[in-house]
Amino acid sequence: MNVLKRAALGAALMASTTFALPAMAADLAIAMDQIFQKMDPHNSNYNVDYVAASGVVERLIGFDKNMKLIPQLATSWEGSEDAKTFTFKLREGVTFHDGTPFNAAAVKANFDRLADQSQNLAKNSLFKVVDSVETPDDFTVVLKLKEPFGAMINTVAHPSVVIHSPKALEELGTGVEKKLVGTGPFKFKEWVPGERLVLEKNENYWDSGWPKVDKVTFFPVTESATRASMLLSDEVQFVHIMPAELSERVETSGGYEVLEVPGITVWTASMNMLKEHFKDERVRRAFNLAVDQQAFVDVVYSGHGVVPDSPIAPDTRFYEGQEPLTTDIEEARRLMEEAGHADGFEIEIWGTNSSTGVRMLQFLQQQLSQINVRAKIMPMEGATRSEKVFSSMVPEESTFDMLLGGWSPSTGDADWHLRPVYATEGWIPKIYNMAFYSDETVDKAIQDALNTADPEKRKAAYAIAQKQIWKDQPVVWLAIENKMAGRKKGLSGVFQMPDGTMQYTKAAFE
Amino acid sequence: MALVSDTSPAVPKEKTARSPFSEFWRRFVTRHAALASGFFLLLLLAMALVAPWILPFGPNEFDYKNTLAGPSALHWAGTDEFGRDIFARVLNGAKLSMFIGFLSVTIGAVVGVVGGLFAGYYGGWLDSIVMRISDVLFAFPGILLAIGIVAILGAGLTNVIIAVAVFSVPAFARIVRSGTLGLKETTYVEAARAAGAPNAIIMFRHILPGVLGAVIVYFTMRIGTSILTATSLSFIGLGVEPSVAEWGAMLSTGREYMLAGEWHLTFFPGLAIFLTVLCFNILGDGLRDALDPKLDDN
């Protein structure tokens, strides 16, 4: 009888594990490298926010693995020859999570919000050229532009150009920063800032058969070693931004793989050109000469990256390689002396307090000490930095000397790198020009490129802009790092993108 | 050891002839662990002070061609992610930690002793105020209070010292107050008062020496705790700048590499913290035994 009991118990246990396993395996957990700031992609500059939202609110057009355009809520699109009218055919039979039907009016509500510059949303500038949004029928949307703009399709594919439920926009207003309602494969369930974000399966998703996981939980974990150990202890199945120094350890552990793709994020230390010492071009050149970029890539990214040779990355459209950066301490000292700063000066460098962020700051501090620049480094927590840089920043009263940051053009196009980071209209807090750089030639070239749809003309204009920026050196260029991720073997459909975002909507376990 | 036990039977005869210090010293040298701890701490301090002239590497000297190297004949404790010599950094950290420890506890002790002395001597509302403030400060866990203070004042070395000093104050105030309460009723204090000595003289010349023993013991032990608090603050990024060669900051950046198998980045600063705090505590224990008049030699 005892034997019987035991056998029954064993059978029961086995049965429960067999049945329990698939259910457990269908929950996906992901460790992110940064803390989510705002759920609303229309009003965020952060890749992590776009990633979080991408499962819930969809775009008309998406990107595949290689940043090629693929249909999402739009089934087809076309631009007129003069690049002033763009027509999108929408998918039929789609409903938002709150039951609102998806149609042209819903798209118009979102596009109007982005085009209305008085909203002061972080991403309004993407739709600056939009004049009007028209809806000839229920499933057609037409964008009319003020001027020709060749990069409009790529702009609509930007991860921030999502379609919120119009009902949610109306009822919640800016509250969509905390709660999302969209058409995506996952529904927004719970967000505990700084701790976790939980999405659950949308049973009525338009793309039948998807999603294949029941729940996605994101954990923001800024400390890179912790992220890696969470993967190794199976707490998460995917690590977004795997620390390069731990990639070998993860790969040799068995059961896990490290994914690596060349990135399009250019890391820089912007020099505040409203400050007297950085108005002098010689000082800015000296700073770039003093910093050994290859050593930066080696120390900060364990060699997994390249040294920039243009303001934009080689994989960004319209990239033009410039003269390679060199390191020459003697020449840097000579320039500093010539500029009257032989004894250097004191500066304040702002950065983030993530493991990599602190390493970047320390590296810069060491390198600049070689030209007698005494840097005070200030690693800040994500939300503090975001508040200081993008909310309460008054350019004329800015106190920082240098600001560390990385920008990736999530449209894959030169416009969305050069304009936000180097055009006068991009000055923080507005977009991302943290050097307060302003140059007529650059502004004009960027504008010229916007005003034409001809790729050759745009290429020529962006070449002028890149050359001028490279000459003026408003920033210390640092690195273009490879995007690395850690993944549990057997998981597919989850991967990182060259722009630093990631995809997980097609997640599936073997 | 043999020498000590040989001489001890002769002690009682000469007892009256000894000065308080030699009496203390005679008791203290028999505590071998305390003596060894004191010696270790002095040695560490001496090494830290002369290190800049002796070591071939400075604590902030980087060498990107030689990063994350294990311990070797050249780099005794290996190098970190910037190729900096960890041994030099640990010694620099010793200097910094002892400086923070001594200074913050000294500030805390001075304020606490004066406060406790006044509170105990005058009593009344002054006593109530000082003790209630102490109660409030006591109610916070030490590290939490320090984090709060640093959060208000901002990170940095000076503010860490202030934070650690503040949370040392109440303990000293209590010790001194209770000692003062007992001593002010003693005959010799009453005699001094009867002779017309002013309050300040009575407090500082007659009562203070009586409570000093307890203060010294607590002072020594407190340094260990303070070093621990200061390194904790740096570890969580509220202390010194991350680039400064400080034990807590070193642990904080080194832990990134633990998983990658680079144990030496955290082992050596961790060992330094462990030994230093342990030694201060053992030394404090030894001092208490040697200073306590109630404890018999045997």
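A:Tyr432 touches A:Asn45, A:Gly405, A:Trp407, A:Pro420, A:Val421 and A:Gly426, leaving aside residues up to four places away in sequence. The model is a predicted one. A:Tyr432 sits in the loop between α14 (415-422) and α15 (440-450) of chain A. Is A:Tyr432 buried or exposed? A residue counts as buried if 20 or more other C-beta atoms lie within 10 Å of its own. A:Tyr432 has 23 other C-beta atoms within 10 Å, so it is buried. One of its contacts, A:Asn45, is 387 residues away in sequence. In space, A:Tyr432 and A:Asn45 are 8.6 Å apart, C-alpha to C-alpha.

Now take chain A as a whole. Chain A holds 16 helices and 23 strands. Its radius of gyration is 24 Å, close to the 24 Å that the globule rule gives for 510 residues, so chain A is as compact as a globular protein of that length. The C-alpha trace of chain A spans about 95 × 65 × 35 Å along its principal axes. Of the 510 residues of chain A, 53% count as buried. Take the contacts in chain A between residues at least 6 apart in sequence: 68% of them join residues at least 24 apart.

Next comes a sheet in chain A. Seven strands form an open sheet with mixed pairing. Their order is β8-β9-β10-β1-β11-β19-β12 (chain A). Which strands stand at the edges? They are β8 (186-192) and β12 (256-261) of chain A. Each has a single partner strand, so one side of each is left without a neighbour in the sheet. From one strand to the next, the twist averages 20°.

β12(A) and strand β19 (residues 483-488) of chain A run antiparallel, joined by six bridges. Opposite A:Glu260 stands A:Met484 in β19(A).

Helix α5 (residues 86-122) and helix α8 (residues 157-183) of chain B have axes that come within 6 Å. These axes cross at roughly 35°. The crossing of α5(B) past α8(B) is right-handed. Where α5(B) contacts α8(B), the residues divide into 22 nonpolar, eight polar and two charged.

Last, the two chains meet. How many residues does the contact take from each chain? Chain B gives 17 residues and chain A gives 20 residues. On the side of chain B that touches chain A, eight residues are nonpolar, five polar and four charged.

Notes: Residues numbered from 1 in each chain as written. Chains lettered and ligands numbered in written order. Predicted model: local features only at pLDDT ≥ 70, side-chain atom pairs only at ≥ 80, totals over all residues. Contact = placed C-beta atoms within 7 Å. Nonpolar A, V, L, I, M, F, W, Y, C, P; charged D, E, K, R; others polar. Pairing = 2+ DSSP bridges. Helix = DSSP H or I, 4+ residues; strand = E, 2+ residues; numbered from the N terminus. Axes fitted to C-alpha atoms, helices over the stretch in contact; angles between N-to-C directions. Buried ≥ 20, exposed ≤ 12 C-beta atoms within 10 Å, placed from the backbone. Left-handed = near helix turned anticlockwise from the far one by under 90°. Rg over C-alpha atoms; globule rule 2.2 N^0.38 Å.
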